[in-house]
Every structure is written in structure tokens, then in C-alpha cells.
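Please work through the exercises below with the sequence and the model side by side, trying each task before reading its solution.

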Amino acid sequence: MYDARMSPPSVTISARGAERLRHGHPWIYRSDIRESSAEPGDLVRVMSERGRPLGSGFWSSESQISLRFLGQEDVAGERAERAMLTARIEAALAFRQSLGIDATAWRAVNAESDRLPGLIVDVYGDGAGRVVVMQALTQAMDRRMKMVGEILTQLLTPVGILARNDQKVRRLEGLEESVAVVAGDVPDGIEVREGPVSYTVDVRLGQKTGLFLDQRENHEAASRYARGRALDAFTYNGGFALRMAARCESVLALDSSAAAVGATRANAERNGAGNVDAQEGNAFDILRELEIARERFDTIVLDPPAFAKNKASVERAAAGYKEINLRALKILTPGGCLMTCTCSYHMREELFHQVLEEAAADAHATVTVVEKRAQARDHPILLNVPETHYLKCFVLRKLS
């Protein structure tokens with residue numbers, strides 16, 4: 001008889017699931033589960049249909065991704081779990097330290113890309129004022145929040161840890177959404193720096209965990225291409241606009257959110273960027289109005305929210321991406337640069353490329369691809385897991 005005190009529960013997967021692991025993808029779907037003795041969030045021993053041990057993984061009783069593989073090592077018991085989590089978080093932090101990130105807001109743990117599926121950890125601030133924001137996106141990580149919090153306290157010595165567990169994806173795991181301080185004190189506003197630009201971040205209410213940290217290096221790249229009159233659509237808190245302001249005569253920053261426009265104005269004032277004009281409005285409508293008015297810009301950035309939330313929405317999303325890129329190319333001056341982004345995994349790079357081709361053709365514009373970019377290096381892409389390559393960014397130059 002199975003004895004939970006003697007051995008971790010086991011999950012048997014199909015030959016197709018085992019082949020998936022062999023090719024390096026750590027997700028096993030419910031359709032490839034043959035047998036399971038696990039409870040929600042258990043760390044389990046993964047077995048092949050022939051009874052061969054394959055390694056360890058985290059079990060989910062609700063998600064279609066039933067098993068997230070951790071590796072071939074056999075991890076059993078709380079002490080071994082803590083040692084594994086500590087070692088992997090230490091490795092993640094050491095990698096970020098090696099990057100020489102010029103910012104005081106950065107990602108410390110990026111889930112599967114750091115072999116810690118379901119765990120996101122971001123750091124805001126520096127020194128004595130450092131705050132850690134963590135997200136547990138799976139049953140397994142939700143069960144281990146206390147342990148992870150203790151490890152992060154030991155390794156990062158933050159003034160406080162906030163659990164931003166308010167993501168809709170938690171519903172797929174049967175988990176409630178919440179925001180709570182789990183250790184220390186978390187202030188309402190945290191001062192951070194991204195290169196030469198400073199922000200005040202609200203980690204409780206801000207997008208993602210407070211800032212779009214995955215765009216940090218693209219903000220810097222935009223400043224290298226920026227010149228003349230610039231436009232930053234979907235600006236959020238002015239990330240692109242503020243980096244371009246130092247190189248441009250003027251920057252028009254657009255967002256449909258009054259709160260985002262207010263934040264951009266406050267950030268512009270804080271950084272002495274008097275040439276940033278933040279306006280509230282629908283970017284689709286304003287781009288069309290600018291075209292009708294024959295306005296022209298030398299540099300344009302498009303960083304919209306994810307239009308494709310799932311496979312079913314890809315076709316409609318592609319139409320949306322084509323529309324804004326078509327309008328942008330029409331108001332871009334010859335010789336000017338367009339930096340255009342999609343943050344949806346479902347909008348694959350080859351499809352996004354095709355959308356941009358069609359937009360250029362309809363705009364009667366001759367366009368070159370200057371550069372292809374992705375999310376910042378502290379948000380690494382796992383080679384065998386295309387789902388981790390979600391942010392695609394093209395820098396285009398309009399020739400005519």
C-alpha cells in the first residue's frame with residue numbers, strides 16, 4: 001500500500017508525454033496522464049507507462065497542464081524541496097547579477113525559464129528599501145508560498161514581500177485571486193530607476209507586478225533610434241516616451257487610461273521631460289485622426305496590450321495589429337523608425353512578420369527590418385518552450 005510518509009505520490013504519463021519530456025518541454029497535459037495518486041499541488045514522482053522513473057514534477061488537479069516537470073532528480077520530503085527551491089532561486093539571482101542590469105527594478109525568477117514553474121519574483125528598489133513582489137500561478141507554488149517567502153527573505157533581505165496573486169490565470173488552477181503583504185512592510189509608492197529615468201511604482205495596483213519590466217531593454221533601444229517628433233502609443237506610465245524624450249524635439253504619449261496618462265505626466269515632470277505631451281484617448285482613433293490631419297512623426301512606438309489572449313482570438317488580433325501598424329506607417333516620415341511590439345505568445349513571430357508585411361503593402365511603404373528584439377534578458381526564453389517567447393518587437397525603417 002502507498003505510504004505518503006515513505007515516498008512521494010506518483011504520476012504515470014503516456015508514451016507521448018514521455019516523448020514530450022525527452023524533447024525538453026516540461027508540460028504534460030491531462031490527456032497524457034495515465035494514473036495519479038497525487039493531491040493538489042503535490043511534488044510527485046513521474047513514471048513512464050512501463051514503470052520507469054523519469055524524475056519529479058509538480059501536480060495540478062485543475063489545470064489542463066496537469067504536470068510541470070522539474071527534472072530527472074528524485075526530490076522527496078520538505079527538506080529536499082527547500083534545498084531544491086533554494087538552489088534554483090540562488091542560480092536565478094546569480095544569473096541576474098551577471099547581466100549588469102542598469103536598473104533598480106528587475107525580474108529575479110521567471111518561472112519555467114528558471115526551472116521554477118509557476119513562480120514569478122520581481123525586485124523593486126535598492127538597498128534598505130528593496131521590496132520583493134512574488135506571484136504563485138500554480139497550485140504547487142501557492143502551497144509553497146511560505147517556504148519561498150522565507151528563502152527570498154534569506155537571499156534578498158527585502159524590507160517587505162508582497163504576494164500579487166491577482167492574475168486570472170490562477171482560476172485555471174482553482175485558486176482565488178488576492179493581493180497581500182506576506183512579510184515586512186510594503187509602501188504604497190516605491191522609487192525605482194531604469195537607466196537615467198526614475199519612477200514611483202505602485203506594486204499593489206500597477207500592471208503585472210508594478211512595471212512592464214520585460215520592456216526595459218526595448219525602452220533603451222528606442223532611445224537609440226529616436227529623433228525628431230516622436231509618438232508613443234499605449235504609453236502606460238511613459239516607459240518609451242521618457243527614454244525617447246532626451247533625443248527628440250517632442251513626444252506625444254497616448255493611452256486610453258486616465259490613470260496611465262496621469263502617471264506619465266507625473267513621471268515626465270519628475271524627470272524634467274517637458275517635451276512629453278501625454279494625452280488620453282483610443283490609439284486606434286487617434287492614429288486615424290492624425291493620418292487624416294496629415295500629421296507626421298519621425299519615430300513611432302506601438303506597444304499595445306495583448307490582443308490575442310488565446311488561439312481563438314488570433315485572427316481578430318492580427319486585424320488589430322495590422323490596423324495600428326498601417327496607420328503608423330502612413331504617418332511615419334521617410335527615413336523614420338517604427339518600433340512595434342506584440343506581447344502575446346499566440347501571435348507567433350512569423351505571423352507578426354506577415355501582419356507587418358501586409359500593413360506596409362497597404363500603406364504603400366517600402367520598409368526594412370532594422371532589428372528584431374524580444375523581452376529583456378532577465379525574462380529568459382526557454383529554448384524548447386515556445387510559450388516563454390511571448391514578447392516580439394520589430395524595429396522597422398520606412399524608406400519611402
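**Salt bridges, worked through**

At 6% relative accessibility, Asp 32 counts as buried, where buried means under 20% relative accessible area, exposed over 50% and partly exposed in between (1.4 Å probe, protein chains only). The model is predicted, so local features need pLDDT of at least 70 and side-chain atom pairs count only at pLDDT 80 or more, while totals for chains, interfaces and linings use all residues. Residues are numbered from 1 along each chain as its sequence is written, and side-chain values use heavy atoms, with hydrogens and water left out.

**Exercise 1.** Find which side chain meets that of Asp 32 in a salt bridge.

*Solution.* A salt bridge is a side-chain nitrogen of Lys or Arg within 4 Å of a carboxyl oxygen of Asp or Glu. Asp 32 forms one with Arg 16, at 2.9 Å from N to O. Asp 32 sits in the loop between strand S2 (27–29) and strand S3 (33–36), and Arg 16 in helix H1 (residues 15–22), 16 residues apart; helices (H or I, at least four residues) and strands (E, at least two) are DSSP runs, numbered from the N terminus. Arg 16 is exposed, with a relative accessible area of 55%.

**Exercise 2.** Determine which helices the salt bridge of Lys 322 and Asp 362 ties together.

*Solution.* The two side chains meet at 2.8 Å, N to O. Lys 322 belongs to helix H9 (residues 314–331) and Asp 362 to helix H10 (residues 349–362), so the pair joins parts 40 residues apart in sequence. Lys 322 is partly exposed at 23%, and Asp 362 is partly exposed at 37%.
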